2 protein chains.
Amino acid sequence: MIKRYVFGTPLETDAVLNKPAACRDKPPYLGKCENALIYKMDEEDIVYGLGENVRGMNKRGWIYESNCTDDPVHLEETKSLYGAHNFILVSGEKQFGLFLDTPGKVVFDIGYTNSSQLKITLEDGDYELYIIDGGTPDDIITWFRELIGPSYLPPKWAFGFGQSRWSYASSKEVRQVAARYRENHIPLDSIYLDIDYMERYKDFTIDREAFPDFEQLVEDMKQQGIHLIPIIDGGVKIEDGYDVYEEGVKNGFFCKDEDGDDFVVGVWPGKCHFPDMLDEKARAWFGDKYKFLLDKGIEGFWNDMNEPAIFYSEKRLKKVFEKLEEYRKMNLDVNTFFEFQDLVSTISKNPEDYRSFYHTYKGKRIRHDKVHNLFGYFMTRSAGEAFERLEPDKRILMFSRASYIGMHRYGGIWTGDNKSWWSHILLNLKMMPSLNMCGFLYSGADIGGFGADATQDLVLRWMALGIFMPLMRDHSARGTRRQEAYAFEDIEAFRGIIGLRYRLLPYLYSEFMKAALKNGMYARPLGFVWPEDRIARQVEDQLLIGESIMIAPVYEQNAVGRTVYLPEEMKFLRFHGQEVTEQSVLPAGHHFLEIPLEEVVLFIRKGCLLPLASGGENVEQVDWNQLKLYGFAEKGDSYELYDDDGVSPHVILEENLRRIVLK
Amino acid sequence: MIKRYVFGTPLETDAVLNKPAACRDKPPYLGKCENALIYKMDEEDIVYGLGENVRGMNKRGWIYESNCTDDPVHLEETKSLYGAHNFILVSGEKQFGLFLDTPGKVVFDIGYTNSSQLKITLEDGDYELYIIDGGTPDDIITWFRELIGPSYLPPKWAFGFGQSRWSYASSKEVRQVAARYRENHIPLDSIYLDIDYMERYKDFTIDREAFPDFEQLVEDMKQQGIHLIPIIDGGVKIEDGYDVYEEGVKNGFFCKDEDGDDFVVGVWPGKCHFPDMLDEKARAWFGDKYKFLLDKGIEGFWNDMNEPAIFYSEKRLKKVFEKLEEYRKMNLDVNTFFEFQDLVSTISKNPEDYRSFYHTYKGKRIRHDKVHNLFGYFMTRSAGEAFERLEPDKRILMFSRASYIGMHRYGGIWTGDNKSWWSHILLNLKMMPSLNMCGFLYSGADIGGFGADATQDLVLRWMALGIFMPLMRDHSARGTRRQEAYAFEDIEAFRGIIGLRYRLLPYLYSEFMKAALKNGMYARPLGFVWPEDRIARQVEDQLLIGESIMIAPVYEQNAVGRTVYLPEEMKFLRFHGQEVTEQSVLPAGHHFLEIPLEEVVLFIRKGCLLPLASGGENVEQVDWNQLKLYGFAEKGDSYELYDDDGVSPHVILEENLRRIVLK
């Protein structure tokens, strides 16, 4: 069912764990034309996949590039986000999965140039191609996931709600955030620390002026059932006396420039070096640095700026200022004026800079652009491998901004710097199944949006989707309007919707762990389940979450409700906050449902059960043994509940399953 | 029904033609708090209006600023586009219209800060406030429109389809575009000339290298039934020997800087002066310049860059380079690096520049920012008044980018530099009724999107909406993918949909002219007609076009169809291209309809008729006397058809109406 093809002499990415022998025949489905692979799409084919990207679950009609990019404006025309996920699934008359294992740039023209042509162009002629077929979409995904190895398992508490902000800048502010949640009885399990907890943005340091009592803060928060989650950045500040910098220089652990000197880039701390995450020794060294925070009681991290982001390189800045001097002397006309503006606006993440530094990878010197898409993956692997050494019996929370398939074994992802836009609620929904296909199960978007200003209705509607996402976090940028759950008028509404997350936890955790341990999907497009239903196949604003339920959030401002499509008869559940206020069986077809801001609706599939806990203000308080069963089921129908200690990384599915039967 | 309130000593904008006497009592509905007006919204209130702006027909949940802005990226978070239209209509338990007549900046916080509060903040304490109430939304609009005077009437040929591009750069290219349309039998009435037809972007010049035979080109195109529509920009190039520049300087017709010298800005031609459009003499002089092109057979224009756009001012550029010199000498850290980038990225349309030049308005010197929102309006007025002098018996096509209420008497607008985004199809739809309310009936968006790259399906879906817009034009930017109707694979589909426009023309022109001459709406939100229907009130993706029909275009990629809401029983018509292929009566409620790319659907209201012509390849070919009647009607039901010579500006509604009765 899985065929592997090798072209040229590809670099090993460690994406695939157990490689089948390479085939010598021509790959099926595809034509080859120079450095491109071509597939002629049927009119009805859906092309799923590509993990973290803009647009629909069906990727037809645009060009995407696998090229990890720090881009804070996610538009319909955006071609690359932070991850590079070269997996697609064609679903139609023919059904097959395709994975291109190559760390360089890949361009997927999916019916953009020619509406019936899928054309994949590889920058590098050395790559491995996997074709997976012979089953349903679910089968193909499972086989692919078996190939790339098991998905990362977060601790159970990481399924609680988290509050973030760039930045909570002091111990005092963190304590205030915690207090506001606790005094308002809005559940919370974690508070995120963005770059300002560090001393001048130096990884593995604490700003002791703002956080003089950091260790005590960690402890006090734990007492309140709240975990602190600090950020770690991809660049290490150049500063004499700073241990990470000095050790890195001494041991040659940083990426080099053309002359063999440590490569200098500007990122948050100012001038930095990049640890060579691809080099085994450097990776082990960088991973061990997380101990600094683990020792302070920290149990989770997020890895950022690891595309890697480059604000400027030293060399480029010098060149720019030389050129600016020329412009200064010129009498600028409109063309030279725009040249001048472009010169300055293209300093950051300039392709030239990505071609000007080097890694040591599996013993060889290799230019960065050839392995660009591995940096974030290997940074997170660095942490993941360290956690296995340092905390062998504990799951540590870890998610990353940049990624490549393979990284899914070491951490989840968040979908980066989105915006407080209504369209980004829907983008959040659409991205989930694509990420799941590529192994990224523990993932989510910044609820309420990172950039731009949020409104109460936007955040409430987004929360009503976010409660179904494994990673449920509210995060926002410096300078934007506050969007914590207590920041708006109707705190009751926030309490209700976030509270519902905690009632859903036994179900959500069960479905997540089953998907992770069985290499299945947590969030599925309707077309996976009803491939013969033309309308179901095109639904881009509903999802199946696990085996029992379908969701259909409202994502339009001022909407009093929305139309929902039911491919089959389902049981409709309405929640006013945490409480079920309506249950009814709806026939297959389209239904318009009024859904006020403070309400959540979901749909239970026939023969399925939904266990609900009674809730709690953090995950620990949720009682897995006091479950109320809702369902569209008859006596004797059952649900397989998963539970474990929430901490151990070594879990066996069967040992933790328990069958609940409707009596 | 209309009350006028005067605060301070407002500047006259000439927006309102017949002012009622000012009231001395306090305005109803509103509270006043310093320089702000406050209204407490009911939960069910819809706030319509604000003309050209992003987001919904219901403007609740965001902050908008009336501040004409050249911004080519129209996002959910955008606060100002090119126009300043200070009219809103509150529709709920209370129903009233509100117009703030002030040429300065106005901020509308419509439930953003506080979800139930509408707060309008005025930069200038001198303004006139109009409150219009006592009727239905349609009544309120009609009374408001009577207040501000009749809408601009374009020639009938301007209801044909137009093809544009930045730019068709030579006579040869224009001839090729025309040939491709004619040989493919895709209807076309006009080709637009963007800035490259001019000699180095100088208004009222012709680039004789690229267009050596301009006059012959105009003539040859006319022979083919195609009008050429050149662009006119807001800035006049500084160049010795250039007549417009020299006359302007000699007569003091340009805006002045603080020292009384002609103000220097950089726009397309490089260094320019702004004609003082607010000064009566300068305005008459500038308007007369259009004669240069009228004399060459030109019958239509579009006015651009008249916010006015400023790429840079001479003074600002000097300051920036001085500051850059400082940065060059510094060792940039990350904060100073971003400062440095910001310095360069904020050169264009810098608020400081708008505070540094002066107009002579009604005999007084006045700083630009105080009257900023009038520039585009008065530029178009300059043309409109000139046309009345130069071509008193002819309607000349005119539409503008920047505008203010009042300008609707002199021209239409296009909605500026949108993008080839699916979301901008819907934005196009949502903006139409808001523009109509403010008097702008002849308007439309760039079909297919101006910026970014289009796909065939996007352009087809957009066309299927665009055929219902008075201004129907395909336009795209330099460097983007070609999106002419013959540029994609399925030319037949484009021929069919554009062809349908020409079959619809008698209806669309009738409804447009009736709306213009009766001060009514051409495109209405469903809430106007079914105010008691909660679902109809919140529909943001359907429109009523005229009295007979409702439209519901598809605006999502890869969608096989869409859900349509019918507030009442309607007759559904499906067109495969130009041909009606299905007719059926649908009951009230939600319906999912499959709508392939090459099809258009519409819905006829009960008791209404839709006359269809047999089509044509330009407007002139459409036979108004050979109409086929479709309808959801009984024998004896009738439709009032409007027709005229399509040219005369002096038309009397009643003289041109003809009743068609179903036999």
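## Helix α3 of chain B and the overall fold

Just after α3(B), B:Gly225 adopts a positive phi of about 75°. In this predicted model, local features need pLDDT of at least 70, side-chain atom pairs count only at pLDDT 80 or more, and totals for chains, interfaces and linings use all residues. Residues are numbered from 1 along each chain as its sequence is written, chains are lettered from A in the order in which they are written, and side-chain values use heavy atoms, without hydrogens and water.

Helix α3 of chain B spans residues 214-223; helices are DSSP runs of H or I with at least four residues, and strands are runs of E with at least two. Within α3(B), B:Phe214, B:Leu217, B:Val218 and B:Met221 are buried, that is, under 20% relative accessible area with a 1.4 Å probe, protein chains only. They cover an arc of only 100° around the axis, which puts them on the same side of α3(B); the arc is that of the directions from the helix axis to the C-beta atoms. The elements of chain B against which these buried residues pack are tabulated here, with contact meaning heavy atoms within 4.5 Å.

| Element of chain B | Residues |
|---|---|
| α2 | 171-183 |
| β13 | 190-193 |
| β14 | 227-233 |
| α6 | 291-294 |

Chain A contains 15 helices and 40 strands. Of its 663 residues, 67% count as buried. Among contacts in chain A between residues at least 6 apart in sequence, 73% join residues at least 24 apart.

As for the two copies, 100% of the interface residues of chain A are also interface residues in chain B, so the copies meet through the same surface.

Note on methods. Buried means under 20% relative accessible area, exposed over 50%, partly exposed in between (1.4 Å probe, protein chains only).
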